[in-house]
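Take a look at the model below.

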Amino acid sequence: MKINILFFFFCIFSIGLISFSIQSDPELIEFVVPKKWPKPVYNFAKNPVSEEGFQLGRKLFYDPILSRDSTISCASCHLQYTGFTHVDHAVSHGIEGRKGTRNSPVLINLAWNSTFHWDGGVNNLEVQGINPIKHPAEMDNTLEEVIHRLSISETYPALFKKAFGSTEINTSTIMKALTQYTVSLVSSNSKYDQVQRKEKGIVFTDQEKRGLILFQAHCASCHKEPLFTNSFFASNGLKIDSLLNDVGRYSITQQPKDSMQFKIPTLRNIEFTFPYMHDGRFRKLKDVINYYSEGINTKDRHLSSQLNKSMNFNEMQKKDLLAFLYTLTDKSFLYNKRFSFPK
Amino acid sequence: MKILLLIVTLLFQVFIFGQENSRLQLTPLFNGLPLELDKNYILDDSSWYKFSTCRFYLSNLSFFKEGKLKELDNEAYLIDLEEPTRLFIGIKNMQFDQISFSIGIDSTTNVAGILDGALDPINGMYWAWNSGYINFKLEGTSSQSTEKNKSFEFHLGGYLAPYQTIQTVNLPIQTNSDPIIIHVDIYAFIRSIDFKKSSNVMIPGLNAVKLSSVLPSIFSVLPNEN
């Protein structure tokens, strides 16, 4: 009797051991830092990107299952072809057409971002995804419900097992998978980048060159190369929208000095990320340049010191600047099939 | 068969409990009376209080003997009056005469990204829009509240300078009882609130800092009775 039971346990143990050893490890993907770029901020050690984790995150990103009424996905407001923002929407709408208060930010080179949201309220890419899931004007769901739905689905438990070694789905594995996808959205192959890398036959036109010089003189201290942001917050003097009443960074830090400051966004792929500014008030890039050139109220008490002298560009300078900004378009990123809806 | 079961059970216990064989027990009180959720407490000045949530984090649990650090536990514990099992903390069997701990979560943990267990954002102790943990949460109703429905909500947290809210508590231990009972009398905290000014604190900032500074005084350990 005793021997039989011992044998039985031995068998169970062996089967467990064998199935454990044939469970293949996820295939890790090395995160490549483009040449001369700074070190990423994101800590990959805690969540190394694997092919399985990336594909799971991609599937989640495009799946409306995350929203309460299963109508919208992350991609509803973050469309790849427009730099992962919501084209033509000043502010985005969530389920049931509920409107938010800010322009949906681009998802580009997030590995180098130290904070997220226009007010920088989110301190780590891994916890960013909780916001749209729970926000009443976005997906209006709960983490419990998302975990429940994914756990009873036919496909997800097996995908989580492949990526994280267990069919058990929790907040941590959902957020890590989403992060593996979003952290991989690297845009580093625009004409600007190709010129920097001195690729054969790629040179700036004279107009683009003049634009670059203007850009470096007037814009680059905040929109710092090569990421085209310095990751800080600033006030560009835009008058507060009395309906939205958005005071920006102050709502996070409660410090008066941060009032009306918003995150300095990257300008990569800016040709396609319209409308512009934190509340999407400018429809055309031309409007943005006009605003910085002669539209700023230089007496605004919140205005960043870099902007307190009018730039007053002439028409040609404006066109030059625009031409340079178009060199930040990276079609190989915007049309990269690896980032698109998983078929 | 029975012997085998016994062995399996023993192995299981060793696996689960490790070297833990002593416990701390958190005992929430209100004005010296056991704190029960949804019970109406009436004070001498005829003000009344009813609590619906009392939940907080303890972390960086340290044990000292004659001023020397003997053991540091890096775990964060979520203490929740609603879940009696969450009122106990297993500790190693050792000699100590003082314990110290933080009320709340330190800044390193607050920026560490997604975390599991007690620190899973699903526990309702996490702000997503302003990433960070709520260190201490107390909700209920009171005659003192200026809200229409007499509700109050105190969600205290925030790790960014100058509004850090984490607190440290030092408690001398002059008892050898097991479990060691730590009283958490929220009376002093409630009395420190100016309800006329605010019956709600739900964001990091000066109010959260002021209220948090009272928290260490609500913890105490009684010496041995015998």
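The sections below take up each topic in turn.

## Two chains

This is a predicted model. Chain A has 343 residues, and 52% of them are buried. Its secondary structure comes to 14 helices and 2 strands. The C-alpha trace of chain A spans about 95 × 50 × 35 Å along its principal axes.

Chain B has 226 residues, of which 47% are buried. Chain B holds 4 helices and 15 strands.

## Contacts along the sequence

In chain A, take the contacts between residues at least 6 apart in sequence: 67% of these join residues at least 24 apart. For chain B, take the contacts with a separation of 6 or more. Residues 24 or more positions apart account for 71% of them.

## Nonpolar cores

In soluble globular proteins, nonpolar side chains tend to be buried together. Here the largest nonpolar core has 63 residues. Which of its members touch the most others? They are A:Leu60, A:Phe61, A:Phe84, A:Leu150 and A:Ile174. Helix 8 of chain A, residues 171-182, gives the most to this core, with 5 residues.

A:Leu60 shows how such a residue is surrounded. Neighbours within four places in sequence are set aside here. A:Leu60 is then in contact with A:Leu66, A:Leu150, A:Tyr156 and A:Phe160, among others. Its contacts also include A:Ile174, A:Ala177 and A:Leu178. A second, separate core has 47 residues. Among them are B:Leu24, B:Ile173, B:Ile190 and B:Phe195.

## Helix 12 of chain A

Helix 12 of chain A runs over residues 285-295. Its buried residues include A:Leu285, A:Val288 and A:Ile289. A:Tyr291 and A:Ser293 are buried as well. What covers the buried residues of this helix includes helix 13 of chain A, residues 315-326.

## The cavity

Rolling a probe the size of a water molecule over the atoms shows where empty space is left. How many cavities of 30 Å³ or more are there? The count comes to 1. The largest cavity has a volume of about 40 Å³.

Its lining consists of A:Ile108, A:Asn109, A:Trp112, A:Asn113, A:Leu227, A:Thr229, A:Ser231 and A:Thr266. By type, the lining divides into 3 nonpolar residues, 5 polar and no charged.

How values were computed
Residues numbered from 1 in each chain as written. Chains lettered and ligands numbered in written order. Predicted model: local features only at pLDDT ≥ 70, side-chain atom pairs only at ≥ 80, totals over all residues. Heavy atoms only, no water. Core = buried A, V, L, I, M, F, W, Y, C linked by side-chain atoms within 4.5 Å. Buried < 20%, exposed > 50% of the residue type's maximum accessible area, 1.4 Å probe, protein only. Contact = heavy atoms within 4.5 Å. 1 Å grid on protein atoms, 1.4 Å probe; cavity = no way out; pocket = protein on both sides within 12 Å on 5 of 7 lines; lining within 4 Å. Points joined across faces, edges and corners; volume = space filled by probe spheres on them. Nonpolar A, V, L, I, M, F, W, Y, C, P; charged D, E, K, R; others polar.
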